[in-house]
Structures are given as C-alpha cells and as structure tokens.
Amino acid sequence: MAKGLLFVISGPSGVGKGTVGNALREKLPEITYSVSATTRAPRAGEQDGVNYFFKTREEFLGMIERDEMLEYAEYVGNFYGTPRDFVDQTLAQGKDIFLEIEVQGALKVKEKFPEGIFIFLLPPSLDELKDRIRGRGTETQATIDHRMSVAVDEMNLLRHYDYAVVNDEIDFACKRIESIIIAEHCKVHP
Ligand SMILES: Nc1ncnc2c1ncn2[C@@H]1O[C@H](COP(=O)(O)OP(=O)(O)OP(=O)(O)O)[C@@H](O)[C@H]1O
Ligand SMILES: Nc1nc2c(ncn2[C@@H]2O[C@H](COP(=O)(O)O)[C@@H](O)[C@H]2O)c(=O)[nH]1
C-alpha cells in the first residue's frame, strides 16, 4: 500500500492555522490531524486529547527522553511537540496526515521527512496579525508582544517551505490549500 503524504502547515501565532484547519476539516472530513502535546495551560474550552494532550513539564520531558516525539520546540515559554507513533501509523495506513506546528518544529520535521509538503500560512500584514492575536483574546499583552517578535523571525524562514498561502479570507486560504493537496496527489513522483 502506498504511504500517505505528510503535510505541515505552519506560520506565526494568530495567522489562522487553527481556523483554516477547522474549515478544511469541515470540507475534507477524511483529513487526519496530529494532536500535539504541550506544557501550556489549557485555554477556556480546550479539551485534553482534542486540542492538545496537556502535559506537565516532567511528563513532556519524559516523552522526549523515551524518544516519543517526532519533533518538539520550546515556544514562548512552553514546550510543544508532535507524538511520533500516531504520525507513523497514519502514514503506514496510506492516509495523509496534517501537522499544525510552529516554524522551529517544522524545520525539524523537514530534516526527518524531506518528502513532506511544507505550507507556510502568511498574514495579509503584520498589523493584521497583531489584531488577530489580540482579537482572539487568549493572550496577555506581554505574550502578544513576545509572539509578535517571534513572528518576524519565523517569516524570515519562509524560504524553507514549498508553498506560501496568504490567509486573507478563510475560504480563499482553504481553497489554496485544497489545491495544493490535489496537486501533490497528482504528482508523477510524489
Ligand atoms: N482569514 C481570517 N480573517 C480574519 N480573522 C481570522 C482569519 N483567520 C483567522 N482569523 C482569526 O484570527 C484569530 C487567530 O486565529 P487562530 O487561532 O486560528 O490562529 P493560529 O495560527 O492557529 O494561532 P496559534 O498559532 O496561536 O494557535 C482568531 O480569532 C480567528 O478567528
Ligand atoms: N513545534 C511545534 N509547534 C506546535 C505544536 N503544536 C502547536 N504548535 C504551535 O505552537 C504555537 C503556539 O500554539 P498555541 O496553541 O499556544 O497558540 C503555534 O504556532 C502552534 O502552531 C507542535 O506539536 N510542535
């Protein structure tokens, strides 16, 4: 059986990875998403095992020691990582898998899966990015400032990606990503 394709969608915090991801899941219910582990505290409404696997720092470090992470990164004071087994099992079943992760982690995945498809979601502008993070209402002013300063460094790493998708309108961004998925599956040498 042919293995599935691994898609990585990344981009700065607040650009809309989660929002576009949710819209894609509605349109393409067959898509499998990896659920990350994090040491960040849950936000209101977030559920363990659905949005993230919420871990203590000790539990997370244990997962790293046992080599259970495909990649992990420390981002704005918390650890985030992709559990390896679920990704391997999904690909082995011939299904595509989608990772929604920040840029340091995406580059680590690229070292291990150079055949992966790396999509960078861009904001229409930095001002719009700041408005989106602020508008979400989940971060303190200090965290917004920290995330914005990281965002500038992250956008300088766009050259390592295969595709750049501007998230101006959710529907347009979804269509662009759907087109990438279709094109990747039509490749003679995927
Ligand atoms: N195309 C868009 N136009 C306007 N607002 C948007 C758009 N896409 C997302 N948003 C809004 O921007 C905010 C941030 O979106 P979202 O939480 O999906 O970003 P994210 O990239 O997943 O963030 P993080 O990396 O911090 O998890 C949300 O309030 C969302 O409703
Ligand atoms: N390297 C990884 N980054 C991840 C993972 N899961 C999520 N993320 C990214 O972290 C930031 C912050 O997320 P938030 O939920 O606190 O806003 C964001 O860019 C996520 O995409 C992961 O497994 N590895």
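A polar contact is taken here as a pair of N or O atoms within 3.5 Å. The model is predicted, so local features need pLDDT of at least 70, side-chain atom pairs count only at pLDDT 80 or more, and totals for chains, interfaces and linings use all residues. Residues are numbered from 1 along each chain as its sequence is written, chains are lettered from A and ligands numbered from 1 in the order in which they are written, and side-chain values use heavy atoms, with hydrogens and water left out.

Ligand 1 is surrounded by 15 residues, a residue being counted if one of its heavy atoms lies within 4 Å. The closest are Ser13, Lys17, Gly18, Thr19 and Arg136. An oxygen atom of this ligand lies 2.6 Å from a polar side-chain atom of Ser13, and a backbone N or O atom of Gly18 lies 2.8 Å from an oxygen atom of ligand 1. On the side chain of Arg132, an N or O atom is 3.3 Å from a nitrogen atom of ligand 1.

Ligand 2 has a shell of 17 residues, the closest being Ser36, Arg40, Tyr52, Tyr80 and Glu102. A nitrogen atom of ligand 2 is 2.6 Å from a side-chain N or O atom of Glu102. Oxygen atoms of the ligand take part in two further pairings: 3.0 Å to a polar backbone atom of Gly81, and 3.3 Å to an N or O atom in the side chain of Thr82.

Domain 1 (1-31 + 96-190) and domain 2 (35-95) both contribute residues to this shell, so ligand 2 lies between them; the domain bounds come from an automatic or database assignment.

Technical notes. Polar contact = N/O pair within 3.5 Å; in protein donor to acceptor, adjacent residues only side chain to side chain.
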